[in-house]
Amino acid sequence: QEGGSKTTANLFLGVFFGILASLCVSLNAIYTKKILPHVDGNLWRLTLYNNLNATIIFIPLLLLNNELAALFKFPKLWSLYFWFMLIVSGLFGVAIGFVSGLQIKITSPLTHNISGTAKACFQTIIAVSVTGDVKTTLWWFSNMLVLGGSASYTYVKRLEMKLDTSETNRKGDTNDERSNIV
């Protein structure tokens, strides 16, 4: 539907990597929630550990893929503009990681994944609308299905929160009445 090569092998490869990417994102959110108590709930410490681990893992990958020579041949390696943009993008990466961790800490891994999917879907729709791309009815339907499912999840979670709040208030009222009796 998106054009390009439509061989069955490419379709299955695309589906495989799409599922693998979703699995990795989901496992990352679950693991983040699980590991937070081990860093005393400190998101800055978790962000630091994640970035240190990524840096350490990146170096052997750079060497294994013979990218070190390509790195030193890069003509703008010593450009101040290149390093400025690299640092700015790194800071944004840290900020996104921190905010994602905060969302997982406050809500749940599932809520984080659903909101991330809705955000990506909405951004895609905006991009298609701005660029004037023509998409099929199936494309629009699938995106509306994702946004509708995300909105439904939000609605159900909102109802659950209201119910939890009203139960907490009722318990508080009961405790207040008991203390007045004594």
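**Helix packing, nonpolar core and salt bridges**

The buried residues of helix α1 are covered by elements that include α2 (43-64), α4 (80-106) and α5 (109-131); the cover is counted through contact, meaning heavy atoms within 4.5 Å. The structure is a predicted model, in which local features need pLDDT of at least 70 and side-chain atom pairs count only at pLDDT 80 or more, whereas totals for chains, interfaces and linings use all residues. Residues are numbered from 1 along each chain as its sequence is written, and side-chain values use heavy atoms, with hydrogens and water left out.

Helices are DSSP runs (H or I, at least four residues) numbered from the N terminus. Helix α1 spans residues 8-35, 28 residues in all, and reaches 40 Å from its first C-alpha to its last. This is close to the 40 Å expected at 1.5 Å a residue, the expected span being 1.5 Å times one less than the number of residues. Within α1, Ala29, Thr32 and Ile35 are buried, where buried denotes under 20% relative accessible area, exposed over 50%, and partly exposed in between (1.4 Å probe, protein chains only).

Ile35 also belongs to the largest nonpolar core, which comprises six residues: Ile35, Leu36, Val39, Leu43, Leu46 and Phe98. Such a core is a set of buried Ala, Val, Leu, Ile, Met, Phe, Trp, Tyr and Cys residues joined through side-chain atoms within 4.5 Å. Apart from neighbours within four places in sequence, Val39 is in contact with Arg45, Leu46 and Tyr49.

Arg45 in turn forms a salt bridge with Asp40, at 3.7 Å from N to O. A salt bridge requires a side-chain nitrogen of Lys or Arg within 4 Å of a carboxyl oxygen of Asp or Glu, and two are found in the whole structure. Arg45 is partly exposed, with a relative accessible area of 30%, while Asp40 is exposed, at 63%.

The side chains of Glu160 and Lys157 form a salt bridge at 3.4 Å, N to O. Because these residues lie three places apart in helix α6, about one helical turn separates Glu160 from Lys157. An α-helix has 3.6 residues a turn, so residues three or four places apart point the same way. Glu160 is partly exposed at 38% relative accessibility, as is Lys157 at 32%.

Helix α6 (residues 137-181) also contains Ser150, which is buried at 9% relative accessibility. Leaving aside neighbours within four places in sequence, Ser150 is in contact with Ile114 and Ala118.

Notes. Helix = DSSP H or I, 4+ residues; strand = E, 2+ residues; numbered from the N terminus.
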